[in-house]
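Have a look at the structure first, then read on.

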Amino acid sequence: MKKLTYCLVWLFLLAGTVAAQEKEVKLKIVQTSDIHGNFYPHDFILQRDAAGSLARVYAFVQKERKTYKDNLILLDNGDILQGQPTAYYYNYIDTVSPHVTAEMLNFMGYDAGNMGNHDVETGRAVFDRWAGECRGPVLGANIVETATGKTHFKPYEVLERDGVKIAVLGMITPAIPVWLSENLWKGLRFDDMEDTARKWMKIIREKENPDIVIGLFHAGKDALLMGGKYRENASLDIARNVPGFDMVLMGHDHARECKKVLNVAGDSVLVINPANNGVVVSNIDVTVKLRNGKVVEKKIDGVLTETGDYGVSDEFMKHFASQYATIQDFVSKKIGHFTETISTRPAYFGSSAFIDLIHTLQLDISGAEISLAAPLSYDTRIKEGDVYVYDMFNLYK
């Protein structure tokens, strides 16, 4: 009986030791991208209900947090500061109050954000103010200060959840100089994404020794050369050519994508893109098995999840009700009267009242002698009658 008792005790202790040495951690990664100021489920430009929105994203996130709690990691992939008047108002009209975009990211508990080309478009004063007010870092490993050679934003963020170390490397498409005047990004340069990924992957591996590496790239999947030297949309190239990434979260091209690719080392990499406006989110499940504190197995699966199925967060809407009212008042201001309906369509075939309006404004405001303009959309109309601020956003965001 004594021997049997000793054996049972030994087996019990052994089982306890094994159990203590082995651990399974479940993580949820949620990505938004290209929100374009679509914070509320209302289109302030067209004055109607809108699909997507951060209000719907938050409803989904809060439901998932009931299960995952702190093991849910929320990431935004850029192009959030341009689009709906909500972002515009706090970019340029009210520059004293806290930026509503930062307040919303903080309220929702974003762990990190990333720079997009339309965020750069707002100008350094705006995007630096916004990034400075975000609690989670805004990333940009390939946005480099020309004077110092250092990154203007934090290149990567390290998060630790339940003993699992996650590194998030953020980058932007380098084609900014092709689209945007230098006065908007003076003192900065935008390095090649693949070269930058190789550089920082080595640093991250040696310095941080992470269990999971996430690429948060404001760039799409179909690479092409722009301006003769800027490799645009290189996300898929990096997933395949730079070993070390467990997943690459894409954005920028507004194209839904969710698939796995093999990299040059033979490892599987999830690449996923939730397109735009918060209509869907990247919804990624990660299961990590650890033995003696070391990862022995990883399972990563992703889907694109429709936010419309989760309703609108009342908590979000109540918290930001005053800003909603402010924006509605701003866009509802009458600014003139049109004696006839104008449309962008005639601009594609000859003279148009729309382009005449844009030229007149540009010449009068700037004092220039020559004006050049593009219609930007094919069939936008403003009907005859009173004209409001939201009509102007309809023409030129």
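Leaving out residues up to four places away in sequence, Val 120 touches Met 115, Phe 127, Ile 172, Ile 176, Leu 180, Leu 184, Trp 185 and Phe 190; a contact here means heavy atoms within 4.5 Å. This is a predicted model, where local features need pLDDT of at least 70 and side-chain atom pairs count only at pLDDT 80 or more, while totals for chains, interfaces and linings use all residues. Residues are numbered from 1 along each chain as its sequence is written, and side-chain values use heavy atoms, with hydrogens and water left out.

Val 120 also shows up in the largest nonpolar core, which has 52 residues: Phe 39, Met 115, Val 120, Trp 130 and Phe 316 touch the most other members. A nonpolar core is a set of buried Ala, Val, Leu, Ile, Met, Phe, Trp, Tyr and Cys residues joined through side-chain atoms within 4.5 Å. Buried means under 20% relative accessible area, exposed means over 50%, and partly exposed is in between (1.4 Å probe, protein chains only). At least two residues of this core come from each of H2, strand S4 (72–76), H3, H4, H6, strand S10 (188–190), H11 and H13. H2 gives the most, with seven residues. Helices (H or I, at least four residues) and strands (E, at least two) are DSSP runs, numbered from the N terminus.

Which residues of helix H3 (residues 85–93) are buried? They are Pro 85, Thr 86, Ala 87, Tyr 89, Tyr 90 and Asn 91. Their cover includes helix H4 (100–108), helix H6 (124–133), helix H11 (321–331) and helix H13 (389–395).

Setting aside its neighbours within four places in sequence, Glu 64 is in contact with Lys 28, Lys 69 and Leu 72.

## Aromatic rings

Rings of Phe, Tyr and Trp (its six-membered ring) pair if their centres lie within 6.5 Å; planes under 30 degrees apart count as stacked, over 60 as edge-to-face and the rest as tilted. That rule gives 22 aromatic pairs. Take Tyr 348 and Tyr 378: they are edge-to-face, 5.2 Å centre to centre with 65 degrees between the planes. The two are 30 residues apart, with Tyr 348 in the loop between strand S20 (342–343) and helix H12 (353–366) and Tyr 378 in the loop between H12 and strand S21 (381–382). Tyr 348 is partly exposed at 41% relative accessible area, and Tyr 378 is partly exposed at 41%.

Together with Phe 349, Tyr 348 and Tyr 378 make a nonpolar surface patch of about 380 Å². Patches are made of residues with over 30% relative accessible area and no salt bridge; like charges are joined within 9 Å, and nonpolar side chains (Val, Leu, Ile, Met, Phe, Trp, Tyr) within 5 Å. Elsewhere, Tyr 40, Phe 44, Tyr 58, Phe 107, Phe 316, Phe 320 and Tyr 324 form one aromatic cluster.

## Salt bridges

How many salt bridges are there? The count comes to 23, taking a salt bridge as a side-chain nitrogen of Lys or Arg within 4 Å of a carboxyl oxygen of Asp or Glu. One of them joins Arg 124 and Asp 128 (3.6 Å, N to O). These two are four residues apart in helix H6, so about one helical turn separates them. Arg 124 is partly exposed at 26%, and Asp 128 is partly exposed at 27%.

Another bridge pairs Glu 208 with Lys 165 (3.9 Å, N to O). Glu 208 is in helix H8 (residues 193–208) and Lys 165 in strand S9 (residues 164–172), so the bridge ties together parts 43 residues apart in sequence. Glu 208 is buried at 14%, while Lys 165 is partly exposed at 23%.

## Positive phi

Most residues other than glycine have a negative phi. Asp 79, however, has a positive phi near 60 degrees; it lies in the loop between S4 and H3 and is buried at 1% relative accessible area. Ala 275 also has a positive phi near 60 degrees. Ala 275 is in the loop between strand S16 (268–273) and strand S17 (280–291), and is buried at 5%.

Terms used. Areas by Shrake-Rupley, 256 points an atom, 1.4 Å probe, with all protein chains shown as cover.
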